[in-house]
Amino acid sequence: MSPREWNAASYDALAAPMTGRGLELVDGLELRGDERVLDAGCGTGIVTARLLERLPDGQVVALDGSRAMLDAAAERFGDDPRVTLVQADLGGPLPVEPVDVIVSTSTFHWVLDHDALFAGLFGALRPGGRLRAECGGAGNIGTVLAALEELGVTEEDKLFAGAEETVAQLEDAGFADAWADLTPRPEDVPDNRLEDFLTTVVLGGHVARLGPERGAELVRGVAARMPAPVIDYVRLNLGGTRPPA
C-alpha cells in the first residue's frame, strides 16, 4: 500500500488530540538523553520536537510516508544536526541505521499488515532496544464507522487491532516483554470544526479517493449521522524489547 499524502497545514491546525497523546507518550519514556530514537510516523514534527528536548545529546530519525509532512518537519527543524528526515513506508523494511528506541503515535492503524510492520520495526532496533507506541485499536471511531456503513461505504485503509492479537504479532516478530492494552480516549470536537476534522484526519483517505465534491458530501453525511460531535477514539497502547544479542 502506498503511503497516503496529507495536507500538512490543515493537519497541524487540527492535531491537538494526536499531539496530546504523543506528548504524553514521549514524556513517559525513560531516556538518558543520548539515545538515537526513531519517530515512526513523525507527521509535521510536533512530537519530534518534544523528543529533541529530552535528547540533548541524542539524535532523532523522523520518518513519515508523506512528503508534505516531512517538508513541514524540515521547516520546523531547519539545520538541526540531531534530526534526520526519512520518507518511507512502515509496511516494509526500514531504511535507517539501528536505533535505541522507537516511538510512534497515531500511525500504526494506517499500516494494514501488522506482521510486516512489527518485523520492520524489530529490524530497525539495536539489541536491547525498545518499542513504545499508541494507535487506533479495536472499537476506534465506532460511531464514524457506523455512519459509513449506513452510507454504504466500507473502511478499507485502516486496521484497528485488538490487544491479544497485537501481543502475539509482536512476539512472532521477535519482541520480548511484549504487551498491549486498549484505552478509550473520546475527544470532543467543536461543532464548527467537526467536518474539517473528519475531512483532514478521520476520513482523509476517503476524501482523497472521491475528490473534493463527493468527499465533502460523504463528510456531511457522516457528520449528520453522528450522535454528538465526539470522536470515540479507542487507543491501542503497545510495547516490547528487542532481546540483547
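Two exercises follow, both on this predicted model.

**Exercise 1.** Work out how helix H6 and helix H10 are arranged, and which residues meet between them.

*Solution.* 
- Step 1: find the helices. H6 covers residues 142–150 and H10 covers residues 212–225.
- Step 2: get the geometry. Two packed helices are described by the angle between their axes and the distance between the axes. Here the axes of H6 and H10 come within 9 Å, crossing at roughly 120°.
- Step 3: name the arrangement. With that angle, H6 is oblique to H10, since roughly perpendicular stops at 115 degrees and roughly antiparallel needs over 145.
- Step 4: H6 and H10 cross in a right-handed way.
- Step 5: list who meets whom. From H6 come Val144, Ala147, Leu148 and Glu150, and they meet Leu218, Val222 and Arg225 of H10. Sorted by class, that contact has five nonpolar residues, two charged ones and no polar ones.

**Exercise 2.** Is Asn237 buried or exposed, and which side chains does its own side chain make polar contacts with?

*Solution.* 
- Step 1: Asn237 sits in strand E9, residues 234–241.
- Step 2: check accessibility. The relative accessible area of Asn237 is 15%; the cut-off for buried is under 20%, so Asn237 counts as buried.
- Step 3: look for polar partners. The Asn237 side chain has a polar contact of 2.8 Å with the side chain of Asp181, and another of 3.1 Å with that of Thr183.
- Step 4: Skipping neighbours within four places in sequence, Asn237 touches Arg132, Ala133, Glu134, Trp179, Ala180, Asp181 and Thr183.

Note on methods: Residues are numbered from 1 along each chain as its sequence is written. This is a predicted model: local features need pLDDT of at least 70, side-chain atom pairs count only at pLDDT 80 or more; totals for chains, interfaces and linings use all residues. Side-chain values use heavy atoms; hydrogens and water are left out. Axes are lines fitted to C-alpha atoms, for helices over the stretch in contact, and angles run from 0 to 180 degrees between N-to-C directions. Helices (H or I, at least four residues) and strands (E, at least two) are DSSP runs, numbered from the N terminus. Angles under 35 degrees count as roughly parallel, over 145 as roughly antiparallel, 65 to 115 as roughly perpendicular and the rest as oblique. A crossing is left-handed if the near helix is turned anticlockwise from the far one by less than a right angle, and right-handed if clockwise. Contact means heavy atoms within 4.5 Å. Ala, Val, Leu, Ile, Met, Phe, Trp, Tyr, Cys and Pro count as nonpolar, Asp, Glu, Lys and Arg as charged, and the others, Gly among them, as polar. Buried means under 20% relative accessible area, exposed over 50%, partly exposed in between (1.4 Å probe, protein chains only). A polar contact is a pair of N or O atoms within 3.5 Å; within protein, one must be able to donate a hydrogen and the other to accept it, and residues adjacent in sequence count only if both atoms are side-chain atoms.
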